[in-house]
Amino acid sequence: MQQFLSVEDVSDPMALVSEAMSCKESPLQASQLGNGKTLGLIFFNPSLRTRMSTVKAAQNLGLETIVLNTGQDSWQLEIEDQVVMNGNKAEHIKEAAAVMGQYCDILGIRTFPGLEDRDTDYQEKLLTAFVENCGRPVVSLESATRHPLQSLTDLLTIEELKKKEKPKVVLTWAPHIKPLPQAVGNSFAEWVNQTEYELVIAHPEGFDLDPKFVGSATVMTDQNKALEDADFVYAKNWSSFNDYGAVGDFPDWQITSEKMALTNQAYFMHCLPVRRNVVVSDDVIESDQSVVIQQAGNRVYAAQAVLQSILKSL
Ligand code: AN0
Ligand code: CP
């Protein structure tokens with residue numbers, strides 16, 4: 001694999017899920033593969049899981065890491081072309097990305113959308129600038145519109161837990177107090193559309209995802225109906241794609257034990273971080289049906305499978 005920005009970079013997504021499973025069974029199977037090589041992890045936004053799990057995955061592969069929190073530890077970067085840089089941004093992305101490529105063999109980038117202008121966000125300017133200027137394979141650690149490492153993890157978790165060949169997987173919008181990216185929902189839909197699972201996406205009116213990601217999924221605006229017979233409930237807030245960045249006020253879309261009772265004793269999934277008693281009630285997230293910790297644990301093996309595949313191509 002030459003880069004990992006979306007499912008389109010993966011020739012066989014289910015084979016990569018199997019590879020991640022194999023990493024979980026035997027985490028040190030390729031512990032020398034990364035020897036002498038360096039992974040740069042560049043964060044433009046906060047992270048707990050992605051940061052720690054990717055460092056751990058690198059350790060399992062003998063790969064050194066350099067973690068940089070830009071803006072805080074580094075210079076503010078300009079990403080627009082042909083600007084007179086007389087404001088607060090001291091360095092252009094073209095030099096910064098190229099310099100990082102001098103120190104690192106692979107670069108991971110985390111960047112969130114501004115959620116103000118849809119075209120700007122969906123152009124993925126920052127991620128593209130790294131791809132074009134760093135001269136190294138780039139791994140998305142969540143970009144403005146996608147979170148592929150999360151989705152690979154999610155498929156690994158579903159494969160570990162599914163009790164039937166074609167489980168019913170419900171991706172449901174859930175409430176939040178401030179606008180969040182569509183990235184997790186977009187990627188989850190994009191990856192599940194590559195599987196045999198039945199995918200239902202539930203959201204209030206006006207909270208459709210970009211049709212490009214929805215693909216062949218069934219879309220419903222009645223959450224209770226969508227949850228009937230679900231084997232997996234994946235809750236996630238996203239701000240509106242159409243009324244771009246709007247937050248929405250639908251508190252009754254919270255996942256509660258009453259909602260879970262409509263399902264086929266579904267497993268509860270969320271990428272975390274999650275706001276308790278806004279997105280999901282305490283009793284659901286603490287129930288035996290909740291697999292959020294297993295899911296977060298699997299982030300290590302998803303990252304390891306991706307890094308391993310890229311290291312083999314260097
Ligand atoms: C981010 C999001 O919704 O994309 C990161 C999730 C992995 N969540 C928050 O900002 C709370
Ligand atoms: N799920 C996830 O990506 O978490 P972080 O934002 O903490 O990395």
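I began with the shell around ligand 1, whose residues divide into six nonpolar, one polar and two charged. For this count Ala, Val, Leu, Ile, Met, Phe, Trp, Tyr, Cys and Pro are nonpolar, Asp, Glu, Lys and Arg are charged, and the others, Gly among them, are polar.

Ground rules next. I noted that this is a predicted model, where local features need pLDDT of at least 70, side-chain atom pairs count only at pLDDT 80 or more, and totals for chains, interfaces and linings use all residues. Residues are numbered from 1 along each chain as its sequence is written, chains are lettered from A and ligands numbered from 1 in the order in which they are written, and side-chain values use heavy atoms, with hydrogens and water left out.

**Ligand 1**

I listed the residues around ligand 1 (a heavy atom within 4 Å). They are Phe112, Glu142, His147, Leu180, Pro181, Lys236, Cys271, Leu272 and Pro273. I then looked up polar contacts (N or O pairs within 3.5 Å). The side chain of Glu142 has an N or O atom 2.6 Å from an oxygen atom of ligand 1. For Lys236, a polar side-chain atom is 2.7 Å from an oxygen atom of ligand 1. On its own ligand 1 has 330 Å² of accessible area, and the protein covers 85% of it. Such areas come from the Shrake-Rupley method with a 1.4 Å probe.

I also checked the location: ligand 1 sits in the largest pocket. A pocket is an open set of points on a 1 Å grid over the protein atoms alone, where a 1.4 Å probe fits, with protein on both sides within 12 Å along at least five of seven lines. To sit there, a molecule needs more than half of its atoms within 2 Å of the grid points.

**Ligand 2**

Ligand 2 sits in the largest pocket. Its shell holds three nonpolar, four polar and three charged residues. Among them I found Ser47, Arg49, His147, Gln150, Leu272 and Arg299. Thr50 puts a polar side-chain atom 2.7 Å from an oxygen atom of ligand 2. A side-chain N or O atom of Arg110 is also 2.7 Å from a ligand 2 oxygen. At Cys271, a polar backbone atom lies 2.9 Å from a nitrogen atom of ligand 2. Alone, ligand 2 exposes 250 Å², and the protein buries 94% of that.

**Domains**

I found two entries, domain 1 (7-146 + 299-313) and domain 2 (149-296). Their bounds come from an automatic or database domain assignment. Each gives at least three residues to the shell around ligand 2.

Terms used. A polar contact is a pair of N or O atoms within 3.5 Å; within protein, one must be able to donate a hydrogen and the other to accept it, and residues adjacent in sequence count only if both atoms are side-chain atoms. On a 1 Å grid over the protein atoms alone, a cavity is a set of points where a 1.4 Å probe fits but cannot get out, and a pocket is an open set with protein on both sides within 12 Å along at least five of seven lines; lining residues have an atom within 4 Å of a point.
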